[in-house]
Amino acid sequence: MKHLFIYLKDYRKECVLAPLFKMSEAIFELLVPLVMAAVIDKGIAGNDIPYIIKMCLVMVALGIVGLISSVTAQYFSAKAAAGFGTQVRHALFSHIQALSFTSLDQVGTSTLITRMTSDVNQAQNGVNMVLRLFLRSPFIVFGAMVMAFTIDVKSALLFVIIIPLLSLVVFGVMRTSIPLYKKVQNRLDAVTLHTRENLTGVRVIRAFHLEDEETEGFGVRNQDLTAMQMFVGKISGLMNPVTYVLINGMTAYLIYTGALQVDSGVITQGEVVALVNYMSQILVELIKFANLIVTITKAVACANRIQTVFEIPEGERANGFGKADDFSKSKACPPLEENGMVVFSHVGLTYENAGAESLTDVSFTAKRGETIGIIGGTGSGKTSLVHLIPGFYPHTTGEIRIDGRDISSYSKEELRAKVGIVMQKPVLFAGTIRENLCWGREDATEEELMEAIKTAQAAEVVEKKEGKLNARVAQGGRNFSGGQRQRLTIARALVKKPQILIMDDSASALDYATDAALRKAIAGLKERPTVFIVSQRASSIQYADRILVLDDGELAGMGTHEELLRDCSVYQEIYYSQFPEKIRQKGAAQHV
């Protein structure tokens, strides 16, 4: 929790003024029983009506001033807490954006969502309550005890006994409940994960008619969360009845002993009433303090969970990215093949906590302007390979060079400026088509946007939409078909005019004619980027300058379509499984 206090540095004034105004309210509240005692002992006992009216006006004035102090304190504490929550969310969001794909895979999306929402809200509420009550409640408790000593020492000794007993109850419950609240938040993560998966895959669930099973699974996780919350709630709920029993027992004893002392003339009736009022104030404040402890317990547990996210090192630094000018201080690169844009030299990749390598000893050179096709079976490492180029994952062995420089010498911004990538799953964001395309380059002109759209074979998509470039895009691009989303995401990458263009199976939803037109348009780009096309279709990569064939993370073959058909059994198997008629033609030619 203490590591998050830096986000309160802009609210130092509020953090000081809120408790001060609460303390002033507490002082006025402590004076009220004394005024009430004076009303009883002087006004009522002496039948002095003017005195009673005067003292009642004093009490009203104390109440008004206390109210103003309380409202002012609430304002400052709410301002500080809301500002704290805002800054934590901004910092957390920025940190998550900088995490590597490895870190995101390990932590999990549902956990990060919970940290950003529920956990931050709990921490914010904790800050608010601490500023309002953390000093006020102990001040009134000990202030009431001090005021009791000014009235009668013997009766005040009861306060000395009750306060430690109540503190023991409060802190005992707190010590027990803090670890349990951590478990509650972890089970909340599980419910969030299940909910997110169901919302994301709702069509698949309905297609396989698994609604009942998923509802049952959600019920089990929700029941686990409910059971844990009820268990923690029962422990926390012990505070109120135990404190009420202790306080009311002491109050009854105080009234009994006070009555005896009044009879003996040691204290007055008004002083007994004042003592009872002070005991009641202690009761109220300790209950508030007990509830505050519960809130603080939740807040600390949530703040610690937030801190664990901040402690994850930013991915780009973890992956070895340096600053843009670090390369000048690094070792000179060995001679490279002329025009070598992307060079892999004995590269291997092992994912975090994985049992085996996903890529093993991969070596190739992609020249400027070349088109490299990548093909292989499911799980062969195609996506893993292209994700190494923009540095999404750190390669574990070998060396990668981009434009003659080791990939570790680039800053994140410099490397990503060179690379445009179209992911397997096309993602569009809520807004307009123009706003989505301008993710590629913010200052892109209308002509550049339309040029990218035409190259991506998306002109028809845009023209048919009302508003064209200003047509609305629903969240996730739900108002577009799969093929339309793919073409728009390709256009977004083309707007960037990257030196390296990666298309990770991004034309899978396109028909063969559109796919062919897209490849021809990309090949004709005047910028002549180095293009990597990942595909399951042999037809999509057979005209590439070079084709990489992956099999179980290893490079099973490399060459042109004709060379691979002649020499690579893995490529032959893939190609002929998609074009069985070619087998018959090959057999007929051999027979002749």
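**View 1. Helices α4 and α10 pack against each other in this predicted model.** Here we meet helix α4, which covers residues 109–134, and helix α10, which covers residues 269–310. Their axes lie 7 Å apart, and the helices pack at an angle of about 140 degrees. Angles over 145 degrees would count as roughly antiparallel; α4 and α10 are therefore oblique to each other. The crossing of these two helices, α4 and α10, is left-handed. Sorted by class, the contact of α4 with α10 has 14 nonpolar residues, along with six polar and five charged ones.

**View 2. Helices α6 and α8 form another helix pair.** Helix α6 runs through residues 153–200 and helix α8 through residues 211–237. The two axes come within 9 Å and cross at roughly 165 degrees, which makes α6 roughly antiparallel to α8. As for handedness, the crossing of α6 and α8 is left-handed. The contact of α6 with α8 has 13 nonpolar, nine polar and five charged residues.

**View 3. Six strands line up in an open, mixed sheet.** To find your way across, follow the order β6-β9-β10-β3-β11-β12. At the edges are β6 (419–422) and β12 (554–559), each of which pairs on one side only. From one strand to the next, the twist averages 15 degrees. Helix α21, made of residues 569–578, packs on this sheet and touches β3 (371–376), β11 (546–551) and β12. The direction of α21 makes about 95 degrees with that of β11.

View 4. Strands of a sheet pair through backbone hydrogen bonds, either parallel or antiparallel. A handy pair to look for is M503, which stands opposite I533 in β10.

**View 5. Four strands make an open antiparallel sheet.** Reading across, the order is β2-β1-β4-β5. Strands β2 (359–367) and β5 (405–406) are the edge strands, and each pairs on one side only. Further in, five bridges join β1 (residues 340–349) to β4 (residues 397–402), and these two strands run antiparallel. One place to look is V343, which stands opposite R401 in β4.

**View 6. T396 sits in the loop between α12 and β4.** T396 is partly exposed, because its relative accessible area is 42%, a value between the 20% and 50% cut-offs. Although T396 and G348 are 48 residues apart along the chain, their C-alpha atoms are separated by 5.6 Å. Leaving aside residues up to four places away in sequence, T396 touches G348, L349 and T350.

**View 7. Helix α15 has several buried residues.** This helix covers residues 446–455, and its buried residues are E448, L449, M450, A452, I453 and T455. An α-helix has 3.6 residues a turn, so residues three or four places apart point the same way. What covers the buried residues of α15? The cover includes α14 (433–437), α16 (459–464), α17 (482–495) and α18 (512–523). Just after α15, look for Q457, which takes a positive phi of about 60 degrees.

Definitions and conventions. Residues are numbered from 1 along each chain as its sequence is written. This is a predicted model: local features need pLDDT of at least 70, side-chain atom pairs count only at pLDDT 80 or more; totals for chains, interfaces and linings use all residues. Side-chain values use heavy atoms; hydrogens and water are left out. Axes are lines fitted to C-alpha atoms, for helices over the stretch in contact, and angles run from 0 to 180 degrees between N-to-C directions. Angles under 35 degrees count as roughly parallel, over 145 as roughly antiparallel, 65 to 115 as roughly perpendicular and the rest as oblique. A crossing is left-handed if the near helix is turned anticlockwise from the far one by less than a right angle, and right-handed if clockwise. Ala, Val, Leu, Ile, Met, Phe, Trp, Tyr, Cys and Pro count as nonpolar, Asp, Glu, Lys and Arg as charged, and the others, Gly among them, as polar. Two strands pair if DSSP finds at least two bridges between them. Contact means heavy atoms within 4.5 Å. Buried means under 20% relative accessible area, exposed over 50%, partly exposed in between (1.4 Å probe, protein chains only).
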